[in-house]
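Subject: Structure handover

Hello,

Here is the structure I said I would pass on. My notes follow below it.

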Amino acid sequence: MATYQSYSFQFLPTYESGKASKTDAEIIVIGLEDGKPSVSKNAFSTQIEKYMATKPAFQGKTGQVAVFPKGTWAPSQAVVLLGVGEKDSKTLENFRLAGSALASKLSAEKLSAPRFHFSNSAKGEDVHATLEGFLLTLYKFDKHRTTKAHVAIESFSIAAKDKDSDKEFAKVAKDALLEAECVFLARDWSNEPSNVGTPDFYAAECKKLAKELGASIRVLGAKEQAKEGMDLFMSVGQGSVREGKVIVMEYKPKGYDKSIALVGKGITFDSGGISLKPGLKMEEMKHDMSGAATLSAAFRLAVKRNAKNRVVLVVGFTENMPSATATQPGNIFKTRAGKTVEVINTDAEGRLILADLLDLAHDSKPDAIINAATLTGAVGIALGKHCCGVMTNDSALLGELRACGEALKERMWELPMFDEYLEDMKGDWSDLRNVANDSNGGTIRGGIFLREFVKKGMPWVHMDIANTAYMMGHVPYLPKKGASGLFVRAVARFVENYS
Ligand code: BES
Ligand code: ZN
Ligand code: ZN
């Protein structure tokens, strides 16, 4: 079991064949072939055949689950049929959805230790996706509750098949577990209320992470930020009593191939500042550090999987608050890069901290920069909740990142960055202003502003995840409420594959 666990339940490492200690549910995975359930030979084949002859509602469709309680088919275990759907049209998402349905059903039935029997034709990636959906569904954030929700599932295992598949399945199970753990890390950070999830808190979490991963870390407090000339970053937190923190973490494997910088927005609470947000749903702005959380978790996942690329994580945590010391609309600040910015709207603060963080990221001489941020509410208006918004100055780079997401159903959609969008971001009294004169094309304006802080020739992608970072309950394996942890897996995969 990995050392990093801030989430509230544990898996016993019993997924390796034969080691399961206390199986209480035998899970028979059943797919469809030409519309008919295809059942591999297993210990329950006779019962299944008889059952299917009764033409039950269970037909092996994706996410269908049939439970035969303990004592019905087996004396001391429940037997559960799990449908994964049509073979020809099998996408990995089908397996995730099936795994998710199983997790919900087992939790409801208070079954705690399932053992999976995959079909004879199951490939490693099928098993991985099923477990992914299963594990991602089990997340709970109840550290602040005095009465804990009952968590049924404690361990899982995979029934022995043959030596080769046993080895492969054990490997993918471990990987699915690691992925879930990193997604949970991102969710945990994002869900943390801002009285606990302060800049100091995340700086301490980052230190723990660096220690665990053997990565080097630099924590910049106000003094160091000032020395770096990060006036614009500091301006965002100047209304808060809490000191903002900038973290630079580096993973540098021997003989590394490429270098990638990951730059994340970590606003621990976004009240809007003097341009105060309306009260309705303002509590959701504790999630405004999701970009930093996503990239920190992706960093962990990539490092844990021994990525061959060097990765530099640059995340900035600070609070956007109104007070006597807060930035006032019209204030002008110098950026680390030298340009000046007039803050017209103090609620467009993400781009302000990212401007300095992006500039700082160039110091590590990366081959590419990816940034992630809950930057604009407008991205949800443009795209809904089925993909995040992305912008780039390098379509090949974006292509690679998008391909990693596509396979995981972590989808991204590109928005244009025509130069004309920059025109109304030019300042009257400064080089740039932080918002345009009207509210149209808000997401693009955010991206265009950030592009001003990406140096010529530096391949870069900006991910606006404001619409997908939380409240993604329409996807069965994402939490009904709170953080989704989306894009942790895609970014990690990209970091590992980039060449
Ligand atoms: N953190 C918000 C963006 C956001 C909005 C995230 C809704 C999640 C849900 C960001 O700092 C912000 O307030 N952006 C402004 C920009 C505007 C002032 C140009 C917005 O979206 O309204
Ligand atoms: Zn804001
Ligand atoms: Zn914000």
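In helix α14, the buried residues are Val 488, Arg 489, Ala 490, Val 491, Ala 492, Phe 494, Val 495 and Glu 496. The helix runs over residues 488–497, and because eight of its ten residues are buried, it is largely enclosed by the rest of the structure. Please keep in mind that this is a predicted model.

On the nonpolar cores: the largest has 99 residues, and Phe 116, Phe 134 and Met 463 have the most contacts inside it. Helix α4 (residues 163–191) gives the most to this core, contributing 13 residues. A further core of 41 residues lies apart from it, with Val 246, Leu 354, Leu 360 and Ala 436 among its members. As background, nonpolar side chains in soluble globular proteins tend to be buried together.

Setting aside neighbours within four places in sequence, Phe 116 is in contact with Ile 27, Val 29, Leu 102, Thr 130, Leu 131, Phe 134, Phe 156, Ser 157, Ile 158 and Ala 159.

Next, the ligand site. Ligand 1 is surrounded by 17 residues, of which the closest are Lys 277, Asp 288, Asp 347, Glu 349 and Gly 377. By type, this shell divides into six nonpolar, four polar and seven charged residues.

- Lys 277: a polar side-chain atom lies 2.8 Å from an oxygen atom of ligand 1.
- Asp 347: a polar side-chain atom lies 2.8 Å from an oxygen atom of ligand 1.
- Gly 377: a backbone N or O atom lies 2.7 Å from an oxygen atom of ligand 1.

Taken alone, ligand 1 exposes 510 Å², and the protein buries 77% of that.

Thr 335 is in the loop between β11 (331–334) and β12 (340–343). Is Thr 335 buried or exposed? Its relative accessibility is 3%, so Thr 335 counts as buried, the cut-off being under 20%. The side chain of Thr 335 reaches the backbone oxygen of Lys 339 at 2.7 Å. Not counting residues up to four places away in sequence, Thr 335 touches Gly 229, Leu 232, Val 341, Asp 356 and Phe 453.

Ser 45 is in helix α1, which covers residues 45–53. With a relative accessibility of 9%, Ser 45 counts as buried too. Its side chain reaches the backbone nitrogen of Asn 42 at 2.7 Å.

Regards

Note on methods:
Residues numbered from 1 in each chain as written. Chains lettered and ligands numbered in written order. Predicted model: local features only at pLDDT ≥ 70, side-chain atom pairs only at ≥ 80, totals over all residues. Heavy atoms only, no water. Core = buried A, V, L, I, M, F, W, Y, C linked by side-chain atoms within 4.5 Å. Buried < 20%, exposed > 50% of the residue type's maximum accessible area, 1.4 Å probe, protein only. Helix = DSSP H or I, 4+ residues; strand = E, 2+ residues; numbered from the N terminus. Contact = heavy atoms within 4.5 Å. Near = heavy atom within 4 Å. Polar contact = N/O pair within 3.5 Å; in protein donor to acceptor, adjacent residues only side chain to side chain. Areas by Shrake-Rupley, 256 points an atom, 1.4 Å probe, with all protein chains shown as cover. Nonpolar A, V, L, I, M, F, W, Y, C, P; charged D, E, K, R; others polar.
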